[in-house]
Amino acid sequence: MTGQINDARRILIVSERPTAHEISCSIQPLGELVVCESARRALEALGEQAFDCIVSSMALPDMHATELLAELQRRAVTVPVLVVTDPSSIPDTVSAMRAGARHVVEAPPYGSALRERAARLLGLKG
Amino acid sequence: MKDRQPTVFIIDDDDAVRSSLRLLLKSVGIPALAYGSANEFLGTYHPDQPGCIVLDVRMPGMSGLELQDELNLRGAMIPVIFVTGHGDIPMAVEAMQQGAFDFLQKPFRDQDLLDRIQRALTRDRDNRATLHQTDRMRERFATLTPREREVLDLVSRGMANKVMAAELGVSQRTVEIHRSRVMEKMEASSLAQLVRMALELGVTAARP
């Protein structure tokens, strides 16, 4: 079992700059970060490395987070996904949740709310 | 149980919303019933009643989210479409996490709601059909003898007849007979189907 508290959590951030940078700054204390700027790159990374959590922007350059979630489901990837969206997009939020997102957080600001939510998904104290 | 007609249950504390939604559903020929509060609805609803719920999030007394909680507790599978005039993302997330079928913000186009209602009714019908199948499968499983259940378990683990015979201390021929009876009683047309049934019934997990 890999339940050790001190194990570095690996977090995959799927987002374009400059949002990727903002997300990274927010959740940096939680573990080791890998940033992919497109869904395609993220899927490649997931094929090669193990992650404990995925934090993705709703809008990605090559697809919507909902499509990425569907693709993850198709590939039987069970890593929990947190989606970051702008505050106005309730329909997107509903589709992302239905597609299997564990949570959707509105941002900006990319602050403590995002970090706490990611921490909870990682099984760390919020 | 008599056949119940799929019905849309409208739950909203606003009279005007209730009557306009009822009218909208009437115009497309979908049976609908309207309630002014969650409690009023709960007092009359039977979980075997198919359909879907169009539910206001914010109501005096029991809120829409609390009603969904209560329905979950009661094991009601009826899909819930939330509608709200003051929705935000945390509210949408909470509703979806609690198993809402959909979450719609007012104002919406009539057609938009009707599309979602149709999808919810389809989902409800599919869910109920699946449940019915599982029930029938359980009934068939209940007719198996203890030895046949054992054989089903071992078969679903991929054990060969020869190994099974040794395991159970019987002849290979006896295993074959048990096996064919299990197939027959479970109405399985193939081994793959039988294994799927066993998995769904949790037969393999039930064995110590």
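## The core around A:Val55

Leaving aside residues up to four places away in sequence, A:Val55 touches A:Ile11, A:Ile13, A:Ile23, A:Ile27, A:Leu82, A:Val84 and A:Ala118. The structure is a predicted model. Its largest nonpolar core holds 70 residues, and A:Val55 and B:Ile81 touch the most other members. Helix 4 of chain B supplies the largest share of this core, six residues.

A second core is separate. This one has twelve residues, among them B:Leu152, B:Val155, B:Ala198 and B:Val203. In soluble globular proteins, nonpolar side chains tend to be buried together.

## Helix 5 of chain A

Helix 5 of chain A covers residues 112-121. Its buried residues are A:Leu114, A:Arg115, A:Arg117, A:Ala118 and A:Leu121. Down the helix axis they fall within an arc of 165°, so they line one face of helix 5 of chain A.

What do these buried residues pack against? Their partners, also in chain A, are helix 1 (19-27), strand 3 (53-57), strand 4 (81-85) and strand 5 (103-106). Just after helix 5 of chain A comes A:Gly123, with a positive phi of about 75°.

## Where the chains touch

Ten residues of chain A and nine residues of chain B form the contact. On the chain B side, helix 4 (89-97) and strand 5 (102-105) each give two or more residues. Helix 4 of chain B makes the largest contribution to that side, with five residues. By class, the chain B side has five nonpolar, three polar and one charged.

Helix 7 (residues 161-168) and helix 8 (residues 172-185) of chain B have axes that come within 8 Å. They cross at roughly 105°, which makes helix 7 of chain B roughly perpendicular to helix 8 of chain B. From helix 7 of chain B, the contact uses B:Asn161, B:Lys162, B:Met164, B:Ala165 and B:Leu168. From helix 8 of chain B, it uses B:Gln172, B:Val175 and B:Glu176. Four of these contact residues are nonpolar, two polar and two charged.

Helix 5 (residues 110-142) and helix 9 (residues 191-201) of chain B also cross, at roughly 100°. Their axes come within 11 Å. Helix 5 of chain B is thus roughly perpendicular to helix 9 of chain B. B:Thr134, B:Met137, B:Arg138 and B:Phe141 of helix 5 meet B:Met197, B:Glu200 and B:Leu201 of helix 9. This contact has four nonpolar, one polar and two charged residues.

## Backbone features in the loops

Which peptide bonds are cis? One runs from A:Arg17 to A:Pro18, with omega near 0°. A:Pro18 sits in the loop between strand 1 (9-14) and helix 1 of chain A. Another runs from B:Lys106 to B:Pro107, with omega near -5°. B:Pro107 is in the loop between strand 5 and helix 5 of chain B.

A:Ala76 is not a glycine, but its phi is positive, near 55°. It lies between helix 3 (65-74) and strand 4 of chain A, in the loop. Is A:Ala76 buried or exposed? A:Ala76 is exposed, with 6 other C-beta atoms within 10 Å.

B:Glu187 is not a glycine either, and has a positive phi of about 55°. Its loop runs between helix 8 and helix 9 of chain B. B:Glu187 is exposed, because 12 other C-beta atoms lie within 10 Å and the cut-off for exposed is 12 or fewer.

How values were computed
Residues are numbered from 1 along each chain as its sequence is written. Chains are lettered from A and ligands numbered from 1 in the order in which they are written. This is a predicted model: local features need pLDDT of at least 70, side-chain atom pairs count only at pLDDT 80 or more; totals for chains, interfaces and linings use all residues. Two residues are in contact if their C-beta atoms, placed from the backbone, lie within 7 Å. Helices (H or I, at least four residues) and strands (E, at least two) are DSSP runs, numbered from the N terminus. Ala, Val, Leu, Ile, Met, Phe, Trp, Tyr, Cys and Pro count as nonpolar, Asp, Glu, Lys and Arg as charged, and the others, Gly among them, as polar. A residue is buried if 20 or more other C-beta atoms lie within 10 Å of its own, exposed if 12 or fewer, and partly exposed in between; C-beta atoms are placed from the backbone. The arc is that of the directions from the helix axis to the C-beta atoms. Axes are lines fitted to C-alpha atoms, for helices over the stretch in contact, and angles run from 0 to 180 degrees between N-to-C directions. Angles under 35 degrees count as roughly parallel, over 145 as roughly antiparallel, 65 to 115 as roughly perpendicular and the rest as oblique. A nonpolar core is a set of buried Ala, Val, Leu, Ile, Met, Phe, Trp, Tyr and Cys residues joined through C-beta atoms within 7 Å.
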